[in-house]
Amino acid sequence: MMILLGAVLVAAAVVLYVVQPVFSGERASLASLDEEFTEAEARRHLSLVALRDVEYDFATGKVDERDYRRLRDELGREALDALREVQRSRDQAEDAPPAKDAVADDLEREIAAYRAALRSGTLCDRCGSANVAEALFCATCGRQLESERGEEAAAARGR
Amino acid sequence: MILLGEFALWVALPVSIWGIVLAFVGGHRKRGDLVLSAERSVYAVFFLLCLTSLGIILAFLGEHYEYRYVWGYSSRELETYFKVTGLWAGQRGSLVFWVLLLTLFSSIAVFQNRRRNREFMPSVVGVLLTITAFFLGVLLFADVNPFERLPFTPANGQGLNPQLQNYWMTIHPPTLYLGFTSFSVPFAFGIAALVTGKTDSRWLVVTRRWTLLSWFFLTNGIIFGMRWAYEELGWGGYWFWDPVENASLLPWLTATAFLHSVMIQEHRGMLKMWNLSLVSLTFLLTIFATFLTRSGLIESVHSFAQNTRIAYIFLAFLGAATFACLLLILWRKDDLRAERTIESFLSRESAFLMNNLILLGSAFAVLWGTLFPLISEGFAGTKVAVGPAFFNRVNIPIGLVLLALTGIGPVIAWRRATRRNLERNFLPPLLMAAAVVAGLMIAGMRGFYALATFAICGFVLTILATEFWKGTRARARIEGEGLGKAFLHLIARNRRRWGGYIVHVGIVLMFAGFAGASFHTEIDQSVEPGDQIRAASPYGHEYVLTYQGLSSSRTPNMWQWVALMDVSRDGRRLGTITAEQRIYSTADQPIREVGIRSTPLEDVYVILAGVEDFEGALRNESSAQGAVFQVLVRPLVGWIWYGGLVITLGSLIALWPGAGGPARRKVRATPASARLAGV
Amino acid sequence: MKNSRFYIGLVGVAMVVTFLIWTGFDKAMVYYLTPVELMAKVAEDDTFHDIGVKVSGRVVEGSYEGAGAFEHYFSVMDLAREDASFRVEYRDILPDTFSDETEVVVEGRFRRDGVFEATTVLTKCGSRYEAMPDEMAG
């Protein structure tokens, strides 16, 4: 008897839980939310990762100078294209298209910042934002950047 | 509570079918309420399967031998530990366990993505629940219901196969199942990418960690199985090329290929179709592996009992799934074109492609050899099997090329490598390989494959060590850190890369262990107390084992004879080894428990092969102490297990959550922050 | 041009794997037969005495004779037909689970004197643990 009661309770609870949204109209979202990777962002991200790998390959002598420059420029262009697209889709969302040149300038700067950050090690561990070489904290998420003090120490050792 | 578990199993099937229908309809019609209901049924099915599993465990603990499954795999004398693990000791329970893990991973995947990747979710939920429903259907309708009752209540169970009463055996199947079931998640996302038409690299980024997790479990599952075979089966080997072992190796090979080809798509936008095919193939092979162990279709020593109905059901499912995958891939053929092509033969992507091709070639050879008895029976009418010799002949050369690639891959640059750089990078490791060969030849080692293996091991280790050194040095220079700190930061910053390299080191160690198999020695001898067995080790040592005597004793569930050996090497006493024979009350044949003395260089493996006078030995008579031993010297076996530990370490580093995995950043750099940061 | 080199590499790998599979078969092929089939094969083709075969059957009850741990003789019969049986000679250590009436797979050569010289003997234990409860009850 107890078992029967338990079985009925379990079944009823499961059915109610599963069926409830259909009647109450509670719904799950079916589209990407705003903070997610879009395709363009994923591409931008992958280009930046690739850029980092090229920097690494060059630093460890796997590619020579000429190939390094070519690859870096190529990847920079790819990242830039992707960034432009990201920007475009965001502007569309905000419905306020800014002047084209201004956008391009911003993006060129962002790319340059990434490159500089990749080289100086001020790419934030936590959020991946690029920071200027003198930064002590990540400008985006506030994480303390260790590289600065490290470089000072290195300078002190007479590098 | 047990009845409730049985009831839950019956409820789980309709709930999962409900979820499948609503997921696909909801996804198609863009009805969020239906999709939410489908997602809830994933959680609900998981909850129901928890009840079912709990029911089975309680049936074991409560000694309910009226259940055929409990009767077949337990007895009153069995330790409580093995009663709990009885859940996956036999076919019926292990199918429940399989679905339990599958629904656990499905629930985790749904929960993880409750706010992210929403457009994939209807198909993901649909696919995962379809797999679940299939297994539930098998459980309920293919004569494998774990709650099937016997027409009477036996007083005691049959007991668990003594060979399964081993620590490794209790963790080997669940680990393997964890690997099999967790691979369903990347597969479901791959299918979702095809269904939604979003076949860019996003589904790869979402499932990367899942793939790695699955690979990690598969690898460990296979190594645990080897360890069990080595310690428990009592013949001194760890791999047999048995169909069931091959079945677990197949998805491992394709999953390894997938793990590498994913990186090509991420970096270069190529191989979309290849990756989708590989993820489907690996999933199909996990189902195939589950099926092969359960069908008795192919003769195997450790397959479960024959059940042809289950064989047909699984074959039908495999066929339907293969057909569906092919259809979807062909349907999206145009979207799957590569964005770029290979630029140079000398590039990392080309090395990765080679690795893929070779892994697939090996998988094909293993599959072909495993299925050959069936194929030949179907076409020629006679069953022709191939023995381990076939698998060794094909896989040793393939394995050596793969081993070399674990070193070559990390050094070659993406896109194109220049010859001059290659020469510079490969010269020291090649010199090292030559030095290894020369050194070993001088030490007296012969044998092509062994020398080749050690040479390649030296080659790869040199490369990997150089990589670590260069990376550390570069980081120390750029960041001005001390070397130790730079080394740790280096790994933490790009965990996937460096974790992967550590896994490669583990693979090298394992291969060194495999190569040790060329130098096995074996001595069979019949002895009386005080007699000595002399065994020469390939390093030139001599082991002397002095037989001390036999002692018999009994515990509630077995008789056992323990033989004691005193071991010394080159005249220096090392200690004692015990080897046993046991007769469990539930089985009438003896089981051998081998004695192993393990050192990093070699294992001494002692098998008590027979007792001359059973009756006398049982009464512990001093005149009945004669026994037969097999003494094996197994060089470098330990390195396989050390390699396994290194692989575990490397995969854990690559898996570790948080920043450092390069693609996990979600915070976007807004124009404002970019301006702040960059200008 | 560069791509063609790459494709040559691919084809090369495929060919090597195929070659390995092909030659591997020649060396490691064993016929998998039942005792009935083995008798029929041997009767029609004498060379079957010389090649490796794997035969699955059941150990005939009471047929086992041994001399120490390294010398064993027993008879194996067909699972379906009891009259098809042959003698097996095995000079190594038998597996733990070997006993009367177990299902075994013997691998080796069927000599012209009618004795099967086994190089490996495997026992199939899976079915034992899924034994029919009716047998127990009866």
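Ring pairs tie seven names in chain B into one cluster: W98(B), F134(B), F135(B), F288(B), F291(B), F314(B) and F317(B). This is a predicted model, and across all its chains there are 44 aromatic pairs.

**A stacked pair in chain B**
- F187(B) and F283(B) are stacked, with 3.9 Å from centre to centre and 5° between the planes.
- F187(B) belongs to helix α8 (residues 184-196) of chain B and F283(B) to helix α11 (residues 272-295) of chain B, so this pair ties together parts 96 residues apart in sequence.

**An edge-to-face pair in chain C**
- F86(C) and F110(C) have ring centres 5.7 Å apart and planes at 65°, so they count as edge-to-face; the cut-off for that label is over 60 degrees.
- This pair also links distant parts of its chain, with F86(C) in strand β5 (residues 85-90) of chain C and F110(C) in strand β6 (residues 103-110) of chain C, 24 residues apart.
- F86(C) is buried at 4% relative accessible area, and F110(C) is buried too, at 6%.

**Charges over rings in chain B**
- R114(B) puts its charged end over the ring of F111(B), 4.0 Å from the ring centre.
- R554(B) does likewise with W559(B): its charged end sits over the ring, 4.5 Å from the centre.

Conventions
Residues numbered from 1 in each chain as written. Chains lettered and ligands numbered in written order. Predicted model: local features only at pLDDT ≥ 70, side-chain atom pairs only at ≥ 80, totals over all residues. Heavy atoms only, no water. Phe/Tyr/Trp six-rings, centres within 6.5 Å; stacked < 30°, edge-to-face > 60°. Helix = DSSP H or I, 4+ residues; strand = E, 2+ residues; numbered from the N terminus. Buried < 20%, exposed > 50% of the residue type's maximum accessible area, 1.4 Å probe, protein only. Lys NZ or Arg CZ within 6 Å of the ring centre and 35° of its normal.
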